[in-house]
Amino acid sequence: MAFTSSVDARKKSESLVDAVVSAYETHHSFTMPASGTIEVAFSPNEGSEALVIKVIDSARSELRLLSYSFTSAPVTSALLRAVKRGVDVRLVADRKNNISADSSGKARAALSALANAGIDVRTIGAYAIHHDKVIIADRQTVEMGSFNYSAAAASQNSENVLVNWGNANLAQVYLAHFERNYRQATPYELRY
């Protein structure tokens, strides 16, 4: 049985992400074998927000998030707990929806709280809308679905959350998508 250090495993994973990024730029879809365990939940008030928080709370080393709407106090709190545990957190959020169209100020407050805690928060305006709703945890687990990280998604809207636990191949593809968008995004400017 070979022993691989966590540093070696991370380097291997990062090099795999680089390979997927290269393939990502020339392909339109990816096929991979199914693996891991699937868990689903729905809204309103049918467990979707709790499942999103379960994914965040499961992370031990790394979280990567792509979001459209970001106003959820419980999701923000879970991310703050993650950074206190030493988890490396990066978030890319839609610029228009969370900055210029944020009439309530909730998105700016949430993003500012995360940035103040040392989370790498970026906003993206390269697309008509950045409609992704994805979390990649520890390069192994992917949360996706229609669920925006907002109070309305949890308690008012019909939404879905799907988590594929323990599927590193799927996580690599989503990490490549994250990296593309992260490179196109700009650092969030704190707003008070």
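Student: Is aspartate 57 buried, exposed or partly exposed?
Tutor: In this predicted model, aspartate 57 is partly exposed, and its relative accessible area is 27%.

Student: Which residue does aspartate 57 form a salt bridge with?
Tutor: The partner is arginine 81, and the closest N and O atoms of the two are 3.0 Å apart.

Student: Where in the chain do aspartate 57 and arginine 81 lie?
Tutor: Aspartate 57 belongs to helix H2 (residues 48–58) and arginine 81 to helix H3 (residues 73–84). The pair is 24 residues apart and links distant parts of the chain.

Student: And arginine 81, what is the relative accessibility there?
Tutor: Arginine 81 has 38% relative accessibility, and therefore counts as partly exposed.

Student: Changing topic: which residue pairs with glutamate 62 in a salt bridge?
Tutor: Glutamate 62 pairs with arginine 64, with 3.4 Å between the closest N and O atoms.

Student: Are those two buried or exposed?
Tutor: Glutamate 62 is buried, at a relative accessible area of 1%. Arginine 64 is buried as well, at 4% relative accessibility; the cut-off for buried is under 20%.

Student: How far apart are the closest N and O atoms of arginine 64 and aspartate 88?
Tutor: They are 2.9 Å apart, and the two residues form a salt bridge.

Student: Which residues are joined into one network?
Tutor: Glu62, Arg64, Asp88 and Arg139 are joined by salt bridges that share partners.

Student: How many salt bridges are there by this rule?
Tutor: The count comes to eight.

Notes: Residues numbered from 1 in each chain as written. Predicted model: local features only at pLDDT ≥ 70, side-chain atom pairs only at ≥ 80, totals over all residues. Heavy atoms only, no water. Salt bridge = Lys/Arg side-chain N within 4 Å of Asp/Glu carboxyl O. Helix = DSSP H or I, 4+ residues; strand = E, 2+ residues; numbered from the N terminus. Buried < 20%, exposed > 50% of the residue type's maximum accessible area, 1.4 Å probe, protein only.
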